[in-house]
Amino acid sequence: MWLNLVFLLLLALIIMPTAVLLFGVTRWQAGTTRLQSRLEAGRGRIIPNTYDSSELEGLPAPVQRYFLESLKDGQPIISAAELGLAGEIDLGRGQGKWYPATATQSVVMQRPGFHWDARVRIAPATKVFVLDAYIAGTGVLKAALFGLFPVVKVPSSPELTHAELMRFLAEAPLYPTKLLPSQGVVWEPIDDRSARATLADGDLSVSLVFDFDEAGLIGGVRASGRYRALDGKMVQTPWEASFSEYKDRSEMRIPVQAEVAWILPEGRTPYWRGRVTEVMYKFSA
């Protein structure tokens with residue numbers, strides 16, 4: 001009898017954690033599926049269907065060079081994208097606590113939106129699920145241990161929404177047709193190696209400075225202030241992202257390596273770095 005009780009107890013100790021994990025995954029996935037449906041439901045028509053280099057007339061010189069390097073005449077305009085990403089994230093606020101992370105990201109160009117679903121391994125068999133999104137004009141940011149126990153949830157706010165639309169614009173070099181004037185981006189000259197891009201979604205607009213490298217490609221983007229969650233408040237902080245290792249994908253040149261960082265009083269503080277492992281585009285028909 002005692003042996004049976006011990007066996008049942010051991011069996012319960014094995015089954016219960018597994019059941020909790022499965023429940024967490026299932027619950028998290030149900031939430032992401034709902035958000036994915038909202039993202040897809042917001043997709044609008046892309047006009048025009050193809051890129052014509054004549055629309056470059058009047059753009060700042062470095063922006064013209066970038067499009068001439070990254071696109072070819074007749075390139076179909078991207079309407080959506082699916083990305084796979086792998087890298088590492090610093091969960092220690094600049095203290096060097098880097099953890100491996102993988103993510104999938106769904107993006108739509110019109111109306112602009114994205115859904116980033118990541119898994120961060122903080123210990124063997126222990127993962128934090130992270131969701132970062134801009135959907136239908138609303139920013140979302142949350143994280144949960146095993147997808148079940150909340151560890152971060154930034155309340156919805158205009159500041160969070162602003163930060164997420166800024167992220168969308170910053171990542172546009174991964175889907176370069178989105179940066180065309182015909183797709184809603186307004187370019188202003190700064191100098192021979194940089195220009196300011198502005199993107200609007202309804203009443204909200206964000207701007208970033210794009211820096212171009214010697215090859216004419218985008219080497220990085222920066223903002224004098226992007227909102228981040230700090231001690232329960234949303235605080236504007238200088239921010240930047242850098243891009244490298246350009247590859248040809250669907251006859252476009254995109255960066256497959258990136259790093260993002262806050263510029264804090266104590267110095268530049270990276271918090272994510274990684275690469276694009278997979279990319280699949282959907283084009284306007």
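Arg119 lies in strand 3 (residues 113–123), strands being DSSP runs of E with at least two residues, numbered from the N terminus. Beyond its neighbours within four places in sequence, Arg119 is in contact with Trp28, Gln29, Pro100, Ala101, Thr102, Lys127, Val128 and Phe129, contact meaning heavy atoms within 4.5 Å. The side chain of Arg119 is also joined to that of Asp117 by a polar contact of 2.7 Å. A polar contact is a pair of N or O atoms within 3.5 Å; within protein, one must be able to donate a hydrogen and the other to accept it, and residues adjacent in sequence count only if both atoms are side-chain atoms.

The model is predicted, with local features requiring pLDDT of at least 70 and side-chain atom pairs counted only at pLDDT 80 or more, while totals for chains, interfaces and linings use all residues. Residues are numbered from 1 along each chain as its sequence is written, and side-chain values use heavy atoms, with hydrogens and water left out. The chain averages a pLDDT (the predictor's confidence in each residue, from 0 to 100) of 90, and 90% of the residues score at least 70. Over residues 5–16, the pLDDT is below 50, and this stretch has 1 contact in the model beyond near neighbours in sequence. Where pLDDT is low, the predicted coordinates should not be read in detail.

Strand 1 (residues 78–90) is paired on the criterion of at least two DSSP bridges between two strands. Strand 1 runs antiparallel to strand 13 (residues 267–283), to which 11 bridges join it; within this pair, Gly84 has Glu278 as its bridge partner. Strand 1 also pairs with strand 2 (residues 98–108) in the antiparallel sense over 11 bridges, and Glu88 stands opposite Pro100 of strand 2.

Strand 10 (residues 218–230) and strand 11 (residues 233–249) are antiparallel and joined by 9 bridges, with Arg226 partnered by Thr237. These two strands form a hairpin with 2 residues between them, and Asp231 in the turn has a positive phi of about 55°. Strand 11 is in turn joined by 10 bridges to the antiparallel strand 12 (residues 252–264). In the hairpin of strand 11 and strand 12, Ser250 takes a positive phi near 50°.

The largest nonpolar core has 62 residues, of which Phe67, Tyr175, Leu179, Trp187 and Phe210 touch the most other members. Strand 12 gives the most to this core, with 6 residues. Such a core is a set of buried Ala, Val, Leu, Ile, Met, Phe, Trp, Tyr and Cys residues joined through side-chain atoms within 4.5 Å, buried meaning under 20% relative accessible area (1.4 Å probe, protein chains only). A second, separate core of 11 residues includes Trp28 and Phe129.

Definitions and conventions: Helices (H or I, at least four residues) and strands (E, at least two) are DSSP runs, numbered from the N terminus. Buried means under 20% relative accessible area, exposed over 50%, partly exposed in between (1.4 Å probe, protein chains only).
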